[in-house]
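Hi,

Here is the structure I promised to pass on to you. Have a look at it first, and then read on for what turned up.

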Amino acid sequence: RERVREILSSVTERSDNRLGVEAMEIFDAYGIPTPEGAVVDDPAEAARIAEGIGEEVVMKIVSPDILHKSDIGGVKVGVPVEEVADAYEDLVSRARNYQPDATILGVQVQEMIDLDGAVETIVGSHTDPQFGPLVMFGLGGVFVEIMEDTTFRLAPVGRDEAAEMTEEIDAAPLLRGARGREAVDVDSIVDAVRRVSQLVADFPSIVELDVNPLVATPDGVRAVDLRLTVD
Ligand code: ADP
Ligand code: MG
């Protein structure tokens, strides 16, 4: 709690009220699983971090001016360790091309989650002026805008309510294993939704939160992309 309070107040002191990668630490504090990784600001350091993670990593540009990283080629999936330093330079130059005056904080080097057999879900929250903080769950990834397969509750939710949410979206059968696919770990989704809802209920200054995607696999969940707005 104390640590989360510190991170949130350091954000409000800055000009922009958005948190991306810093939110990873907040999630750690609330027991919501995130991929292993770090944000670095030079290519050699990127390579060093990658070596500690595995043979292949995911790399993402970190910039408060770039909200949709993959739209500008700012996400590289499956980068072999020996190519990490070059990929770093490439990500930075893509960002510079896109917006020459963008503030570039560095590059996030992340453990690569096996998406084979995974379902990309979304967990989010916003504050309703009348009802207060809401928690949302739905199908994530690229489909979220097209399908709008989401469901909402007042935060915080308990286990049963969170479980209901995973049952009532249209894509529910996908989570439970359809057409010979293995089911994903729905209990971990339920737990993550519950914890996110507790986080926003505990900290009313979080006016918006987006986990897209929360990758669900048969072995658990991982919040791979976070965005958080503090008032
Ligand atoms: P953005 O939404 O800003 O484009 P994301 O971090 O969500 O960036 O990455 C885009 C997509 O890349 C994700 O929806 C997911 O399919 C894939 N991806 C991102 N991080 C990982 C990861 N650590 N492991 C596997 N796939 C990932
Ligand atoms: Mg995303």
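Ligand 1 is surrounded by 17 residues, and the closest of them are K60, K69, S70, Q110 and E120. Please keep in mind that this is a predicted model. For K60, an N or O atom of the side chain is 2.7 Å from an oxygen atom of ligand 1. For K69, a polar side-chain atom lies 2.8 Å from an oxygen atom of the ligand. N212 takes part through its backbone: one of its backbone N or O atoms is 3.2 Å from an oxygen atom of ligand 1.

Most peptide bonds are trans. The bond that joins N212 and P213, however, is cis, with omega at about 5°. P213 sits in strand β9, which covers residues 206–217. Another cis peptide bond links A155 to P156, and there omega is about 0°. P156 is found in a loop, with β8 (150–154) on one side and α6 (159–168) on the other.

Now to the overall layout. The protein is split into domain 1, made of 2–33 + 115–230, and domain 2, which spans 37–111. Their C-alpha centres are 24 Å apart. How many residues are in contact between the two domains? Eight residues of domain 1 touch 10 residues of domain 2. Together the domains bury about 670 Å² between them, and carbon and sulfur atoms account for 48% of that area. On the domain 1 side, V21, V224 and R227 provide 56% of the area buried against domain 2, more than any other three residues.

The interface has a polar part as well. Five residue pairs are in polar contact between domain 1 and domain 2, counting pairs with both residues at pLDDT 80 or more. Sorted by class, the side of domain 1 that touches domain 2 holds three nonpolar and five charged residues, and no polar ones. Side chains of opposite charge can pair when their charged atoms come close. Across this interface there are two salt bridges. You will meet K69 again in a salt bridge with D225, where the N to O distance is 2.8 Å; K69 is also among the residues closest to ligand 1.

In total, the model has 16 salt bridges.

Best wishes

Technical notes
Residues numbered from 1 in each chain as written. Chains lettered and ligands numbered in written order. Predicted model: local features only at pLDDT ≥ 70, side-chain atom pairs only at ≥ 80, totals over all residues. Heavy atoms only, no water. Domains from an automatic or database assignment. Contact = heavy atoms within 4.5 Å. Buried area = accessible area lost by both parts, 1.4 Å probe. Salt bridge = Lys/Arg side-chain N within 4 Å of Asp/Glu carboxyl O. Polar contact = N/O pair within 3.5 Å; in protein donor to acceptor, adjacent residues only side chain to side chain. Nonpolar A, V, L, I, M, F, W, Y, C, P; charged D, E, K, R; others polar. Helix = DSSP H or I, 4+ residues; strand = E, 2+ residues; numbered from the N terminus. Near = heavy atom within 4 Å.
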